[in-house]
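I will go through one structure piece by piece, starting with a pair of helices.

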Amino acid sequence: MKKVFIYNPNDSTHRGGGRYLKSLAEVIDGASLTEDFSRLESSDTLIVPFWKPTERPVINGRICQKQILCLLDVIPLAHPDHFPLGWKGRWNVRNSKKALIHFDKIVTISHHSKSEITRVLGVDEKKIEVIYPTLEPIFFDKKIGSSADINIPFKDYFIYVGDANWNKNLVNIAKSIKESDSNLVLVGKVFEKLKSLKSEEELEEHLKSLNHIEQKSLREFERITFEDKRFFFTGFINDDELKYLYQHAIANILISFDEGFGYSFFEAASQACPSLLSDIDVFREISTLDGALFCDPLDCHQIAMSINELINKPTLRNELIITSSKRLIDVLDKNKISKMWMKLLN
């Protein structure tokens, strides 16, 4: 096999796309990370691990003999009402679509994403390969996580891990937590600011900075949760601390309107934490029918009832822990994923 290079312009992110890049390094033996295309020879293989359609294409021509693009999802393009494009964004999307011709294969992370890429971008499905990502090794070891400096103000809680884009459905999650009178720990860099707000005046000043239309749902979420003791924001934490939170949570909550995959379902499963998921195609795909408790992401009352069901039915929780743990082993087998990549690269 020729030399394989994974484009890595910035490795400072640890969730989402950054976590996916790390998973590639785990399963592709001998691959090197680089941001310098001058290191590459024409006989090499180049993997670009992300696609940002509203920015200039990473490559716009042939650099290597084989070029592979990892396209995790097309959520912003699939939901234009919630992710509107300006003239510059539309121009970059046009160029990004044209640049797809320079890739021999597109790898995505679920069959749902594959169908969306075909539908939204018009890419021939034969050009698209589905290879699930894996988790970092720390989630597979048996060590107990460390609470470190996290001082959770309540004993019983649910956990949300991720970003705050519209598709994450944070407003309905917050309303459902209130209706069920339960507690929620929210993990993610996007919540850092909420930790420091001390007054209504500070909140209003902060909300003024969230003036993009894509931040509309985040503004509403912050108003709903401000000074409500049922919500605790950790900001960004390390994986050892994240393991601890999963291990002690009632359940993981991921009630998105749309997703490319759903990392937190598998992260939670690795720590014997069941999940409450929205009843959408991608979550049915990754968890199977009995791997999680499902609910309508639009129905706050149903979400609240599902939350109470997980609180009051320990037998149900245990059943979900068993089935989700089995699904984790079946889907995210590192050796199987590695073989799929090797077959694609050879």
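On the α12 side of this contact are E309, L310 and N312, and on the α13 side they meet P314, L316, R317 and L320. This is a predicted model. By class, the contact of α12 with α13 divides into four nonpolar residues, one polar and two charged. Helix α12 covers residues 300–312 and helix α13 covers residues 314–331. Their axes are 5 Å apart, and the packing angle is about 95 degrees. Angles from 65 to 115 degrees count as roughly perpendicular, so α12 is roughly perpendicular to α13.

Next, a second helix pair. Two packed helices are described by the angle between their axes and by the distance between the axes. For α7, residues 200–209, and α8, the angle is about 170 degrees and the axes are 10 Å apart. Anything over 145 degrees counts as roughly antiparallel, and therefore α7 is roughly antiparallel to α8. Helix α7 brings L203, E204, H206 and L207 to the contact, while α8 brings R219, E222 and R223. Which classes do the residues in the contact of α7 with α8 belong to? Two are nonpolar, one is polar and four are charged.

Staying in α8, which spans residues 216–225, we find S217. Is S217 buried or exposed? Its relative accessible area is 18%, and the cut-off for buried is under 20%, so S217 is buried. Leaving aside residues up to four places away in sequence, S217 touches A164, N165, W166 and V171.

The buried residues in α3 are G89, N92, V93, N95, S96 and A99. What do the buried residues of α3 pack against? They pack against α2, residues 75–78.

On to the interior. In soluble globular proteins, nonpolar side chains tend to be buried together. Here the largest nonpolar core has 87 residues, and I28, I47, F221 and W341 have the most contacts inside it. There is also a second, separate core of 20 residues, which includes Y7, L40, F103 and L121. Back to I28: outside the four places on either side in sequence, I28 touches V4, I6, I47, W341, M342 and L345.

L40, from the second core, sits in the loop between β2 (32–34) and β3 (45–48). With a relative accessibility of 11%, L40 is buried. Not counting residues up to four places away in sequence, L40 touches F5, T34, L46, I63 and C64. L40 and V4 are 36 residues apart in sequence, yet their C-alpha atoms are 9.1 Å apart in space.

For contrast, I end with K3, in the segment before β1 (4–7). Exposed is the word for anything over 50%, and K3 has a relative accessible area of 57%, so K3 is exposed. With residues up to four places away in sequence set aside, K3 touches D44 and T45. How far apart are K3 and E204? They are 201 residues apart in sequence and 53 Å apart in space, C-alpha to C-alpha.

Definitions and conventions. Residues numbered from 1 in each chain as written. Predicted model: local features only at pLDDT ≥ 70, side-chain atom pairs only at ≥ 80, totals over all residues. Heavy atoms only, no water. Helix = DSSP H or I, 4+ residues; strand = E, 2+ residues; numbered from the N terminus. Buried < 20%, exposed > 50% of the residue type's maximum accessible area, 1.4 Å probe, protein only. Contact = heavy atoms within 4.5 Å. Core = buried A, V, L, I, M, F, W, Y, C linked by side-chain atoms within 4.5 Å. Axes fitted to C-alpha atoms, helices over the stretch in contact; angles between N-to-C directions. Parallel < 35°, antiparallel > 145°, perpendicular 65-115°, else oblique. Nonpolar A, V, L, I, M, F, W, Y, C, P; charged D, E, K, R; others polar.
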